[in-house]
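Hello,

Here is the structure I promised to pass on. Please open it alongside this email, and then read my notes below.

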Amino acid sequence: MQQISEQIEACRDELIALRRDFHRHPELGFEEHRTARTIEAYLQDLGMRTQRFAKTGVVALLEGSGPGPVLMLRADMDALPVTEENEVEYRSRNPGVMHACGHDAHMAMLLVAAKILSQHTDAFAGTIKFVFQPNEEIAGALCMIEEGVLDSPMVDAVMGLHVWTPVPSGRIGITAGPVMGGLDVFKMTIFGKGGHTGVPEDAVDPIAAAANLIQTVQMIQTREISNLKSTIIMFGRICGGTKSNIIPDQVELEGSIRFLYKGGPDSEEQPTERFVRIAEQVCRTHRCTCNIEIVHENVPLINDLRMATIARKTAADVFGHQAAVIDNVTMASEDFSEFSERVPGVFMFLGTGNAQKGTTVSHHNPRFDIDEDVLPNGVAMHVHGALNYFNATDNGKGGERTAQHSSDR
């Protein structure tokens, strides 16, 4: 471990330079063209062959000392449609686009981990599949899966890591079981009958229906689903009306439903189905009609117990003490869940919150930034996590994939 630690430390400047280069040149989902070329060139310089998936995704294989399981290490690539407000040397040069979630750091850490692991192929038997995934914000993982990223060779287990400002620098969150929420996004239009606000009885008011609906659907979380099963229903956009004395014909609403359980029409909880039922009935009560569109964006991210155990042991060694390893669960969603739904996986939260450095700002905020001193620990988690996975795997057998084919939902 000492030799690897020294090699990682020797790459510190390169690691930070990579992160800052990605940060200066952010690109939106499926538009990560410069990003993909940079990743390909780096991996090819290490002697790896690269392959494209889902337009801008990059995949490379590293063979160990002999046959064995296939471990996938994944980093996401896309930036967000955010205008950066940080006054730093590495500020985004692409107007209106910013790495406001840390994906720049993810790519840099995985590239340097690939470099270190390529120097230690004699330390493991099996294959490491490095996956750089586009468009994490909207279904990029599923696109890669449909194109066969979990096949040829078939992946046995997967590890991922996210820098996380809510977790203090020097700590890492690793929890078995559900750690990130499933996500359904809804768009709905409530139809009424326009009229004059001075004669409301001659109109059918969709604004009143919308107000009642927003309040009533909250009952799902407290009266229809156990409080022990985390559920959040949030409205993020309301649009209706043109003037203060006009009752509009319609109102548009958009929002999200998040949950830390399977969800879906076959589940016991059925959060989205309950939402649709109540929304339709509230609209009917107000003499309105409605149209509801549901997009199922992410399934819940559930960490495999065995993979989480390996990761927690790795973290205690990397950080030097068990107290650095904490539990962390969030209702935010991540499409890494598409991978971990199909193969045993673990997703970790690398703490980067440092008040003195101003890195406690929320993800997706225009002033988001990270504590770059944590990046070597992220590399170490990739490197030692991979080696510990292979060492913990008996007789060359990896984790067992689900019976469901990788391209199916």
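**What I found**

T35 counts as buried, because its relative accessibility is 1% and the cut-off for buried is under 20%. Please keep in mind that this is a predicted model.

Leaving out residues up to four places away in sequence, T35 touches F22, H25, E27, M77 and M107.

**Helices α3 and α4**

M107 leads on to the next helix. T35, I39, Y42 and L43 in α3 meet M107, L111, V112, A114 and K115 in α4. By class, this contact of α3 with α4 has seven nonpolar residues, one polar and one charged.

Two packed helices are described by the angle between their axes and the distance between the axes. Helix α3 covers residues 33-45, and helix α4 covers residues 103-117. Their axes come within 10 Å and cross at roughly 15°. Angles under 35 degrees count as roughly parallel, so α3 is roughly parallel to α4. The crossing of α3 and α4 is right-handed.

**Helices α9 and α11**

How do the axes of α9 and α11 cross, and within what distance do they come? The axes of α9 (residues 305-319) and α11 (residues 375-392) come within 9 Å and cross at roughly 130°. That angle makes α9 oblique to α11. The crossing of α9 and α11 is right-handed.

On the α9 side, the contact is made by R306, M307, I310, A311, T314, A315, V318 and F319. On the α11 side, they meet N377, A380, M381, H384, G385, N388, Y389 and A392. The contact of α9 with α11 has ten nonpolar, five polar and one charged residues.

**Helices α6 and α8**

Helix α6 spans residues 206-216, and helix α8 spans residues 271-285. Their axes come within 9 Å and cross at roughly 145°. The crossing of α6 and α8 is right-handed. A209, N212, L213 and T216 of α6 make the contact with I278, A279, V282 and C283 of α8. By class, the residues of the contact of α6 with α8 are six nonpolar, two polar and no charged.

**Aromatic residues**

How many aromatic pairs does the structure hold? There are ten. A pair of aromatic rings is described by the distance of the centres and the angle of the planes.

One of the pairs is F186 with F235. The rings are edge-to-face, at 5.2 Å centre to centre and 70° between the planes. This pair links distant parts of the chain. F186 is in strand β8 (residues 182-191) and F235 is in strand β10 (residues 231-240), 49 residues apart. F186 counts as buried, because its relative accessibility is 0%. F235 has 19% relative accessibility and also counts as buried, since the cut-off is under 20%.

Y389 and F390 form an edge-to-face pair too, at 5.3 Å centre to centre and 70° between the planes. Y389 counts as buried at 0% relative accessibility. F390 counts as buried at 7%. Y389 is also among the α11 residues that meet α9.

Last, there is a cluster to look at. W164, F336, F339, F347 and F349 form one aromatic cluster.

Best wishes

Key
Residues are numbered from 1 along each chain as its sequence is written. This is a predicted model: local features need pLDDT of at least 70, side-chain atom pairs count only at pLDDT 80 or more; totals for chains, interfaces and linings use all residues. Side-chain values use heavy atoms; hydrogens and water are left out. Axes are lines fitted to C-alpha atoms, for helices over the stretch in contact, and angles run from 0 to 180 degrees between N-to-C directions. Helices (H or I, at least four residues) and strands (E, at least two) are DSSP runs, numbered from the N terminus. Angles under 35 degrees count as roughly parallel, over 145 as roughly antiparallel, 65 to 115 as roughly perpendicular and the rest as oblique. A crossing is left-handed if the near helix is turned anticlockwise from the far one by less than a right angle, and right-handed if clockwise. Contact means heavy atoms within 4.5 Å. Ala, Val, Leu, Ile, Met, Phe, Trp, Tyr, Cys and Pro count as nonpolar, Asp, Glu, Lys and Arg as charged, and the others, Gly among them, as polar. Buried means under 20% relative accessible area, exposed over 50%, partly exposed in between (1.4 Å probe, protein chains only). Rings of Phe, Tyr and Trp (its six-membered ring) pair if their centres lie within 6.5 Å; planes under 30 degrees apart count as stacked, over 60 as edge-to-face and the rest as tilted.
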